[in-house]
Every structure is written in structure tokens, then in C-alpha cells.
Number of protein chains: 2
Amino acid sequence: MSKSVMNVKSNVKTVLDQLMGRKINNIYLVACGGSSAIMYSAKYILDRESQNITSDLYSSNEFIHRNPQQLGKESLVILCSMSGTTPETAEAAKFAKSKGAFTVALTNEPASPLAQNADLYIKYEWGNGVNAFDTNLSVLYQLVFGVLHMAENNEKFGKLVSSLENLQPVYEKALEQEASNARVFAQSHAKEPVIYTMASGSNYGTAYSFSICILMEMQWIHSHAIHAGEYFHGPFEIIDENVPFIILLGLDETRPLEERALSFSQRFGKKLTVLDAKQYDLDGIDEEVKGYIAPLILNRILRQYAEELAEARNHPLSKRRYMWKVEY
Amino acid sequence: MSKSVMNVKSNVKTVLDQLMGRKINNIYLVACGGSSAIMYSAKYILDRESQNITSDLYSSNEFIHRNPQQLGKESLVILCSMSGTTPETAEAAKFAKSKGAFTVALTNEPASPLAQNADLYIKYEWGNGVNAFDTNLSVLYQLVFGVLHMAENNEKFGKLVSSLENLQPVYEKALEQEASNARVFAQSHAKEPVIYTMASGSNYGTAYSFSICILMEMQWIHSHAIHAGEYFHGPFEIIDENVPFIILLGLDETRPLEERALSFSQRFGKKLTVLDAKQYDLDGIDEEVKGYIAPLILNRILRQYAEELAEARNHPLSKRRYMWKVEY
């Protein structure tokens, strides 16, 4: 890789500078749960944008045990864990290094095992109060597009970074716009035993995250993130007027899949919640990258839905019965 | 690719002969629903075995709209649809050819749109009466390992083929061994509104297929195939003594993930159904490929479980409310 990049978060730039001159054949996106969910959007970007670098996405322990044959000296392994203490992900960094790969950890905790095990780390911020530019998906995008810019002169890089810089006010307007919808959703879904989510393309990870982290983990509600294209080949037989679905409509090339799934669901379902990225004011988001940015916006809004749901059910998002409480 | 191969199903050999001399950089595994589920095991094989050929797996319509940048003249696209009429998959073959890729369709119907759209097709058999060697996963394995043998001189190829030739009696013994368990499962789960499945590695597709095709599509039971490694990062909070899980234990390198998930589930769940490939007589299955063969066996046994469940619920596996009945 030969081109230096500007404007990214300063610690992303440090990592990109270190990657200068290094040959990268493949990228492995490795994490668990909610941190793995953000990788789906990065995989979508790499599939669409990269001319030569291949990519794969694995849950951390699957990555170690699967032990992909092509993992080696020309691999970049990107790992993520907010606390940096996820044992499988910290171990995956060590494993990847033992194979000669270059490892970059995204984490909120520079002193964590993950940050310490990786060649380099990038600190990101989290929580409702921080700027969108500094959060996990934004930092991941800066890194991935930075690599594509350095290795292949990808021209969308600058547009991506400036769009991320303009994202915070987009969030704020969208959150305000959705505030009452979120409360209505929470009230009407407070007693539902099952809630499905559905999306495709760069948005699938956002649906996956809401299903496994918010509904299953934090609310103990049955769920499954259905791929909008797979829906018609099995899962759609489950819908009827009693089964709630959250359907995401993003702005990427797979939107027709999400629209088709919504259209079918509207004929046979009644409990539908639709988040459509087209409904939001995307001022400052470049047309060429808005498909990639949509999952961040949908994700932020879904957090608001989650908070309202937790409130309506009197079941705090922090409540657990096993996680951090028993050994596993 | 330069090495000719023997012993595979004769129409697989025809395809492999046609691939002689062709350069293959990447393989795309493209199908929908149950036909996509079989691709997960092939992806596992490619990840573990291939030195140079990369691979990706997509639902057919996602593949078309995602439009991977690296799809081109050095791509092999393997598609599958039993009837060959799945519109998205037939279209995906056309799309891949338009990009210069070489397309091979697996189907039961030589006259179907999919078979006609692809460069070549391989006919496979289906149904309880046919020999395991001639069914979809077996044919897919013969093709994938045949390519790895031709392109990279993969030495497990012969062991794989002879193991598949010996598979039918393994099925028969395992089915007999599981017959009463399947009936007990069916009786005890007949009224369950939700049944989860769980697996990892080469077995994940088998769990996925049972969740989306058998439970959701054919029985209208809520479900989700949980990855055994992801389980501990969200989904496990859903389990308690009232929530049923089917947990698969295969024989591949990720078995420790499945064992850990089972062990946790046994502490906090009560409605557990465990299918462990170690319990079956694998006479004739080569030690070096048994991890790849396990999902076929688990899949065949789960079909028996499905048939018993349908009987116990008086809900035939052929019953649909939308599929083939309404437009979508």
C-alpha cells in the first residue's frame, strides 16, 4: 500500500501509516455478538469496492477453530470488542499473529487484553453522548476505506470520511423524528413473546444485532434476524397477523430485496414496524456512500427503540441472568 | 486446473473435465433457503482446504444486487435449486455468466430454467429412497473436492469420494438408532411454539436448514439457528427450562464450540435434544474427512425428526399457506 491518507480519526491514521508498504491479500473480520454484527457492513463494502483484497467474517472462536488455510503473512485481521475483554476475540488476535497476520483491534479500552494482544489498536467511543464519528462502525469504516484507498486508490474514501463527519446532526434529527414512533412501538410490543427483524445487504448486521443483543440478550424476547432474500424460501411461512416484524429499508443496492419483503409482509402481517432510511434528512451524507451509511443511522434509531421497549417492559437493558453472572 | 479425476458421479466428472485448463480464482456459492444451507458446509471445506481459491456464499438475490467486484472470468459460480425453478437462482446464473464467470448448476431437473441458464448442470437425486452418494450435499462435495484436487492436488479427494460411497449404510444404521428418539422428540415438542437449533462449523448449515425450512416453513414454529460461538454473546440469555433447543455435535474442528454450548445449555435448560455424530457407527468413513461428512448424517437424521414431528402435530411437511399459493 502506498498512499497516505488524511482526515480520519487520528488513531486510525496512525494505523494506516503503519500499514504503508505492507501487502494485504485478504482481510478477516473477527469479533463476537454485537461487535461481530458491525462487521457485516464492512464485508458488504469490501465485496462491492475491493478489486483485489478478499474478505471473510467469522465469530472469533469459529475463526480460531476453523483455522482458514489462507490466513497468513499477507492477511489483515480486524478484531473488535468494546471492553477488549471478550476472551475469544483476545485469543483470536494472538492466534492470528501466530500465523504471521497483521492484527488491528478496535476497542474502547487501550489497557485491555485485546488491545494488548493485537499489533495495533484503535480506541473508539460509545454511549449516547459521543459523536457519531468516533463510534465503532464509523471507526471501522475509516479503517476499511482507508485500506482500500491506500491499496487500490479507492475514490469514495474522502466522501465516506466527510459523510461520517456530518453524521451526528443526521442522527439527532432522525432520533427526534422517530421519538414518538419508538414509544408507540414500545407500548404495542411490550408483551410480545417473539419479534423478528429483517434486512439485507449492509443492513443485515444491524438487524442481527437488534435480534441477538437487544431482544434475546437484553429483553429475553425470542428473535431471529431474517435475511430479506431468504425470507421467501422458508421463513415467510411464519408470518401472520399475530407475528411482529421489524423491517429495515436501507439505501444500498439490495434495497429491492427489503422492499419486496416489506410488500409481502404488508399483505399477510399486521404487526409491522418499518424503519426506512429514505425518511430521514441525510444532509451532508454523500450520495455515493449513503448506502453504506444507512446501517449506522438505522442502528442508532433502533437503540432508541430498545430504550423505549426496556422502559415499557420494566426490564432494563442492563439486566442479565447469565452474562457476567455465572461461569461459561 | 490440470489433473483429471475419477470415481465421482459420472455427471460430476463431465463437469470437472470441462473445467480442465480453466483458471479459477474464486468460487461463489449461490442458492436460496434449503439449497443455500448446503453451501455452508462447502464454504467450510474451502476455507480449511484451499490454498489459493477464495470463496463466498450468498443468497441468490443478494448475490445479484450486491454484485461483488471480484466476480469475473476467473470465477466459478456453483448454484443449486432442486426444482431448478427458483427464479432468483436461475437469474443469478444468467447474471454470473454476463460477468464472464463459469456457472455450474446442481438440480434435480435438467429441463429447468436454472439448468438451462448455467454453463453446465449436475443432476442430483432426492427423497428418502435414493442413495446418499447421489444427493445434493454429496454431489456438491464431489464437485468442490474435485476442483480442489484438480487445481491444488488436494489429497483428501479420494478419501472423500470413497467415504460418500460408503455413506448409505451409515445413514441406515443411524436412522434405526435414532428412530425411537425421533418419536420421543416429536411427542414432547408437538406443542412448542419456539424451537431453537444450534451448531458451528460445517454443521451450521444443517441447523439453519432445520430452522428455516422445517420449523418455520413446514411447521410454522418460531425458530432461529444460533451459531454455537455467538451463543455466549447474546442469544444464551434466552434459554431457561421452558425453551427447547436442538443442539448438534459434529466431528469437525469446531466441535469444542458445540460442546461448550451444550454444556452451558445443560445447566440452565431442560428441553434439550442432542444429536451427536460421535454416537453413530461411521464404518467406511475416512477419519480425515469425517468432520465434513457429519453434517450429511445429522441432516438425514433431522429429516426423520421432522417427519415424526409433522405426524405428531398433524401438520404435514407439505402444508403451506403462501409458498406456491400466492404471488410473491
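**View 1. The span from residue 16 to residue 153 of chain A brings its end C-alpha atoms to 14 Å from each other.** In this predicted model, the span is 44% helix and 20% strand. The UniProt record, an unreviewed entry, annotates these residues of chain A as "domain: SIS".

**View 2. Helix α1 of chain A holds a charged pair, A:Asp17 and A:Lys13.** The helix covers residues 10–19. A:Asp17 and A:Lys13 sit four residues apart in helix α1, about one turn of the helix. Their closest N and O atoms are 3.2 Å apart, and the pair forms a salt bridge. Side chains of opposite charge can pair when their charged atoms come close. Over all chains, the structure holds 39 salt bridges.

**View 3. Chains A and B are related by a turn of 180°.** With that turn and a shift of 0.0 Å along the axis, chain B can be laid on chain A with an RMSD of 0.0 Å. This is the relation of a two-fold axis. Within chain B, the residue that comes closest to the rotation axis is B:His224. Its C-alpha atom lies at 2.7 Å from the axis.

**View 4. The copies meet through the same surface.**

**View 5. The largest cavity contains about 1100 Å³ of space.** Its lining has 39 residues. Those closest to the cavity centre are A:Tyr40, A:Tyr204, B:Tyr40, B:Leu57 and B:Tyr204. By class, the lining of the largest cavity divides into 18 nonpolar, 11 polar and 10 charged residues. The count of cavities of 30 Å³ or more comes to four.

Terms used
Residues numbered from 1 in each chain as written. Chains lettered and ligands numbered in written order. Predicted model: local features only at pLDDT ≥ 70, side-chain atom pairs only at ≥ 80, totals over all residues. Heavy atoms only, no water. 1 Å grid on protein atoms, 1.4 Å probe; cavity = no way out; pocket = protein on both sides within 12 Å on 5 of 7 lines; lining within 4 Å. Points joined across faces, edges and corners; volume = space filled by probe spheres on them. Nonpolar A, V, L, I, M, F, W, Y, C, P; charged D, E, K, R; others polar. UniProt positions renumbered as here; feature names shortened; annotations may be inferred. Helix = DSSP H or I, 4+ residues; strand = E, 2+ residues; numbered from the N terminus. Least-squares fit on C-alpha atoms with pLDDT ≥ 70 in both. Contact = heavy atoms within 4.5 Å. Salt bridge = Lys/Arg side-chain N within 4 Å of Asp/Glu carboxyl O.
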